[in-house]
Amino acid sequence: MQVILETPRLFLRRFTEEDAPLIHKFNRDPDVLKYVHEPVLKNDEEAKEVITNIILPQYKINLGRWAIHKRDDYEFIGWCGLKFIKETGITDLGYRLLKNAWGKGYATEAAQYTLIYGLRILKIKTITGKANFENKASIKILEKIGMKFSYNEIIDGIPVKVYSLSLPEITDIC
Ligand SMILES: CC(C)(COP(=O)(O)OP(=O)(O)OC[C@H]1O[C@@H](n2cnc3c(N)ncnc32)[C@H](O)[C@@H]1OP(=O)(O)O)[C@@H](O)C(=O)NCCC(=O)NCCS
């Protein structure tokens, strides 16, 4: 297991192909996928393809979506991480939790440490977070971790709010 970073209550580690059942667990829940414009995964095989084709390649550039576990009992609760989007040149901050872990501040905590890790340790110039206009919890997280509203855009016909943060801007929040 390769741990990437620790927070007061959580640790984030790299996924492996053996984690397909975990990815399937939340990517089959329509409530979790409500705002993320991704298809419901039908089985572990489809989840494994996501790991192989989307998650693992990002690890080669030290980015990626990382599995989140609670430190007290090692329970898996979701993922958080950074993804380089080739088409736009953006490094995207994302997070997704299993429903039973919602409402406890875990997403905020994971996103906060991931953001700082990306800017300070990985030396990424600017990190961007995008959220569906109606995804109030996600927008709240982006604002709480200190990201600045940048612009609105329409992606696949859906209004999205775009936030970003650069290294010189973090001195006043952390
Ligand atoms: C988005 C998501 C990670 C948030 O998880 P969470 O456990 O609720 O997050 P947190 O507890 O860390 O914080 C959420 C914040 O939003 C607030 N919030 C939640 N729902 C809200 C709503 N409908 N309106 C306004 N604020 C809301 C919470 O009160 C909390 O703020 P607070 O700590 O100041 O009270 C979770 O809902 C999820 O996994 N959703 C599915 C995937 C997804 O949409 N990912 C984001 C894609 S951009």
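**Close-up 1. Asn-62 in the loop between α3 and β3.** In this predicted model, Asn-62 is found in the loop that lies between α3 (44–59) and β3. Although Asn-62 is not a glycine, its phi is positive, at about 65°. Asn-62 counts as partly exposed because it has 13 C-beta neighbours inside 10 Å.

**Close-up 2. Asp-156 in the loop between β7 and β8.** The loop between β7 (148–155) and β8 holds Asp-156, a residue other than glycine whose phi is likewise positive, near 50°. Asp-156 is exposed, because 6 other C-beta atoms lie within 10 Å and a residue with 12 or fewer is counted as exposed.

**Close-up 3. The largest nonpolar core and Cys-80.** The largest nonpolar core has 29 residues, and those with the most contacts inside this core are Ile-68, Cys-80, Ala-110 and Ala-111. Two or more residues of this core come from each of β3 (64–70), β4 (76–85), β5, α4, β6 (126–132), α5 and β8 (158–166), and the largest share, 7 residues, is given by α4. When neighbours within four places in sequence are left aside, Cys-80 is in contact with Leu-12, Trp-66, Ile-68, Tyr-95, Ala-110, Ala-111 and Thr-114. In soluble globular proteins, nonpolar side chains tend to be buried together.

**Close-up 4. The shell around the ligand.** Of the 20 residues around the ligand, those that come nearest are Ala-107, Thr-108, Lys-136, Ala-137 and Lys-140. The elements that give two or more residues to this shell are β5 (90–97), α4 (106–121) and α5 (136–144), with α5 providing the largest share, 5 residues. Sorted by class, the shell around the ligand has 11 nonpolar, 5 polar and 4 charged residues.

Note on methods: Residues are numbered from 1 along each chain as its sequence is written. This is a predicted model: local features need pLDDT of at least 70, side-chain atom pairs count only at pLDDT 80 or more; totals for chains, interfaces and linings use all residues. A residue is near a molecule or strand if its C-beta atom, placed from the backbone, lies within 6 Å of it. Helices (H or I, at least four residues) and strands (E, at least two) are DSSP runs, numbered from the N terminus. Ala, Val, Leu, Ile, Met, Phe, Trp, Tyr, Cys and Pro count as nonpolar, Asp, Glu, Lys and Arg as charged, and the others, Gly among them, as polar. A nonpolar core is a set of buried Ala, Val, Leu, Ile, Met, Phe, Trp, Tyr and Cys residues joined through C-beta atoms within 7 Å. A residue is buried if 20 or more other C-beta atoms lie within 10 Å of its own, exposed if 12 or fewer, and partly exposed in between; C-beta atoms are placed from the backbone. Two residues are in contact if their C-beta atoms, placed from the backbone, lie within 7 Å.
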